[in-house]
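Please consult the sequence and the coordinates shown here alongside the text.

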Amino acid sequence: VLQIGGMTTYDQVAAAPEVRANCQALAEAADSIGDAQIRNWQTIGDLVAYRDLARDLPAIALALEATFHTVGVSGNHTMSAEKLLQMAVQAQWKAQEIVSSIDFPACVPGTGTVYQSFRHPASTYAICGVAALVEPSADQVSVAKCRVAVTGALSYPIRLPKVEAALEGKAPTAENIEAAAKLAAEDAIAAQADREGLTLVSDLYASTEYRTHLIGVLTKRTLTEATQRANFLA
């Protein structure tokens, strides 16, 4: 397990050799947030502190299946990234938990992880960002595990289970990746009906239609790059 303390800055996360060696997507995301000044004072524990969840790191936490350790008025707690993010968007949720550390499980050797985003040039916020994890099977022929999470395009980050299921058990060919990526927008649209408070974002930065398009484009790019980083037989 790669454990990162809640007061670790984004710059420290991005520069740590342990992060770059084991969670390349996390290093990429941390290094792309804001500018140098922000990265040197903002901490990783802040990623859910202000309910501003249209950020990069929550998507990484979902795709890499991170576990959060918190300290609250009722004691110490441990919860999955998905559970914590769901709590954070609830209207009645009170800020009674402090994130003390985040655990990122060790990836199986040969696993590829990637984060890519399309950013607004002024604010540097991700209009849409996608994190992907691709783990090869024991024989390095097919995908044993796939995780994909999107942020920015929706009111809060979510995983894309249809995309993940479409690639697992199959060879990571360009055709299979493209077929899986085509399900990304459908996944995001369908999730709105199942999750409270989840909507596709439309604002001055980008329309709902444009963000929906970006979900598919970035999903294809991240899956392709993650596959290239993973150890598959040619």
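At what angle do helix 9 and helix 10 pack, and how far apart are their axes? In this predicted model, helix 9 (residues 184–194) packs against helix 10 (residues 208–229) at an angle of about 130°, and their axes are 8 Å apart.

**Packing of helix 9 and helix 10**

- Angles of 65 to 115 degrees count as roughly perpendicular and those over 145 as roughly antiparallel; helix 9 and helix 10 are therefore oblique to each other.
- The crossing in which helix 9 passes helix 10 is right-handed.
- On the helix 9 side, the contact is made by Ala 184, Ala 185, Ala 188 and Ile 189, which meet Thr 212, Ile 215, Gly 216 and Thr 219 of helix 10.
- The residues of this contact comprise five nonpolar and three polar ones, with no charged residue.

**Buried face of helix 9**

- Ala 184, Ala 185, Asp 187, Ala 188 and Ala 191 are the buried residues of helix 9.
- Viewed down the axis of helix 9, these buried residues fall within an arc of 160°, so they line one face of the helix.
- The elements covering the buried residues of helix 9 include strand 8 (158–159), helix 7 (161–167), helix 8 (174–181) and helix 10.

- Thr 9 lies in the loop between strand 1 (2–5) and helix 1 (10–15).
- Because buried means under 20% relative accessible area, Thr 9 counts as buried at 12% relative accessibility.
- Apart from its neighbours within four places in sequence, Thr 9 contacts Arg 39, Asn 40, Trp 41, Gln 42 and Thr 43.

How values were computed. Residues numbered from 1 in each chain as written. Predicted model: local features only at pLDDT ≥ 70, side-chain atom pairs only at ≥ 80, totals over all residues. Heavy atoms only, no water. Axes fitted to C-alpha atoms, helices over the stretch in contact; angles between N-to-C directions. Helix = DSSP H or I, 4+ residues; strand = E, 2+ residues; numbered from the N terminus. Parallel < 35°, antiparallel > 145°, perpendicular 65-115°, else oblique. Left-handed = near helix turned anticlockwise from the far one by under 90°. Contact = heavy atoms within 4.5 Å. Nonpolar A, V, L, I, M, F, W, Y, C, P; charged D, E, K, R; others polar. Buried < 20%, exposed > 50% of the residue type's maximum accessible area, 1.4 Å probe, protein only. Arc of directions from axis to C-beta.
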